[in-house]
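Dear colleague,

Please find the structure for your review below.

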Amino acid sequence: MPITKTTGRQAVTLGRQERDVLYAVGCGLRDDEIATALAIPEEAVAGHLARILAALGLRDRAAAIVHAFDCGLVAPGRGPRRQTTSPLGTSPLGTSPLAAGPPPPAGAARHTPGPRLRISVLGPLRAWRDGQPLDLGHLRQQAVLAALALCLGRSVSRQELTDGVWGEEPPNTNVVPVYIYRLRKALHAGGGPDSVIERDRSGYRLLPGAVGVDVARVEELVTAAGAAERAGDLAEAVRACAQALGLFRGEPLAGQPGPFAELERLRLTERRIVIVQRKLDWQLRLGQHAEAIAELSALAVAQPLNEPVAAMLMRALYLSGRQGDALTVYDRVRRRLADDLGVSPGRLLRHTHRTILRGDDIRLGLTGTTR
C-alpha cells in the first residue's frame, strides 16, 4: 500500500523503492545495510532518503523513523505491520534480520519472555537480562526508560515523557518513539520475539510481570517488614528493612537528566531515610543500642535538622550509658534549628531531652520513626 502524506492540498505518494528505503530506515538499518538488502548502490540509498525527506516534509533521519512508526509501516519490537512478502513474492528487505514477520493476530497467546529482565534505578540506571548488563544508550534515552520503570503498572504518554525528560526545552522533533524503538531492541537482546515495552491508547508501559524493578522490590520488603512488626517479630522486620536498604546502590537515578528524574531522586532519597529510621527504631526496641549508634550517628550528620533521627540517637546513647553524649546531641540540634530555621526543638526532641535529664526509663512509649 503506498505511503502518503498530505501537505497542504497535495497528497504525496512514495514509489515502491522509496517505501522500502523508508521501511529499512524505520527498522534502524544504516545506509550500507540498506544497500546490501536492496541490492542497490549506497549512493542510491542516500538519494532515495533525500527524496523521502523532501517529499514528506521531514527534517532528518530521526523524523523519518518517527514517520515510519506513525504511518504503521514499522511496528517497533514486533517487526513490520505489513506482510513480509511483496506482490512479487520477495521480502522487501531480502534476508535482513530486522525484516521480521507481522505481529500475532489479536487474541493469540503471547510468548512469555524466558530470562527475566531487571532494572535498577536506586543508583545509576542499570539493566540486566539473565544477569548480563545491557547497553541502554545515551542519557536522554535512559531517562525515558527510567520514567517507564518508575511508572510501573500504568501507561506514560509521549507528552509526559517529553515533559519529564526535557522539561521546558523539548527536542525539535518527536524523538520519543525513536528512543522507545531503540530501548525495545536493547532490552530484548537475546530474548524472544515480543517486546517488554507495550504501546496502548494512553502511551507506553513496561509489560506487567516481564520486568523486575528494584523500587517495586523495596516496597514489597517494606510491606513484609510492617507485617512482621504487627506479628511481633521485630527481628524479621529489621531483616526485611536491611534487605530493602541493600538495594540502594548510591544516589537514585544518579546523573539522569530532566525534571522527572530530579523529583524522583528527591522522593527516593527521602524514602530511604524513612526506611532507615524504621529499621533503627526496631533495633532500639530490640535492645540493639550499640549496633544502632554508628548508623544513627552517620544519619544525623547527613540530616542535621532531622529531629526524629536526633531523638533516636539520644535514646541509643542514653541506653548505652552515655547520658552526656546524648545531651550533647540535643544541644547541637537545638543550635542548628535556631541558626538555620529560627525555631525551637519540637515536642519529640524536647520530651526525649527531659526524660534523659530526669533519668527516666526512655524505652517506655517512645519511637522516633515516620511511618
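**Helix packing and a strand pair**

Helix 5 and helix 10 cross in a left-handed sense. Please note that the model is a predicted one. The axes of helix 5 and helix 10 come within 10 Å and cross at roughly 50°. Since the limit for roughly parallel is under 35 degrees and the range for roughly perpendicular is 65 to 115, helix 5 is therefore oblique to helix 10. On the helix 5 side, the contact is made by Ala146, Ala147 and Leu150; on the helix 10 side, Phe260, Glu264, Arg267 and Leu268 take part. By class, the residues of this contact between helix 5 and helix 10 divide into 5 nonpolar, no polar and 2 charged.

Helix 10, which spans residues 259-285, also packs against helix 9, residues 234-245. In this pair the angle is about 150° and the axes are 9 Å apart. An angle over 145 degrees counts as roughly antiparallel, which means that helix 9 is roughly antiparallel to helix 10. The crossing of helix 9 with helix 10 is left-handed. Helix 9 contributes Leu234, Ala237, Val238, Cys241, Ala242 and Leu245 to the contact, and these meet Arg272, Ile275, Val276, Lys279, Trp282, Gln283 and Arg285 in helix 10. The residues of the contact of helix 9 with helix 10 comprise 9 nonpolar, 1 polar and 3 charged.

Helix 6 covers residues 158-166. The buried residues of helix 6 are Leu161, Thr162, Gly164, Val165 and Trp166. What covers them includes helix 5 (139-150), helix 7 (176-187), strand 9 and helix 10. Just after helix 6, glycine 167 adopts a positive phi of about 65°.

Strand 9, named above as part of the cover over helix 6, spans residues 203-206 and is joined by 4 bridges to strand 8, residues 197-200. Strand 8 and strand 9 run antiparallel, and a hairpin of 2 residues connects them. Within this pair, isoleucine 197 has leucine 206 of strand 9 as its bridge partner, while glutamate 198 stands opposite arginine 205 in strand 9.

Yours sincerely

How values were computed
Residues are numbered from 1 along each chain as its sequence is written. This is a predicted model: local features need pLDDT of at least 70, side-chain atom pairs count only at pLDDT 80 or more; totals for chains, interfaces and linings use all residues. Side-chain values use heavy atoms; hydrogens and water are left out. Two strands pair if DSSP finds at least two bridges between them. Buried means under 20% relative accessible area, exposed over 50%, partly exposed in between (1.4 Å probe, protein chains only). Contact means heavy atoms within 4.5 Å. Axes are lines fitted to C-alpha atoms, for helices over the stretch in contact, and angles run from 0 to 180 degrees between N-to-C directions. A crossing is left-handed if the near helix is turned anticlockwise from the far one by less than a right angle, and right-handed if clockwise. Ala, Val, Leu, Ile, Met, Phe, Trp, Tyr, Cys and Pro count as nonpolar, Asp, Glu, Lys and Arg as charged, and the others, Gly among them, as polar.
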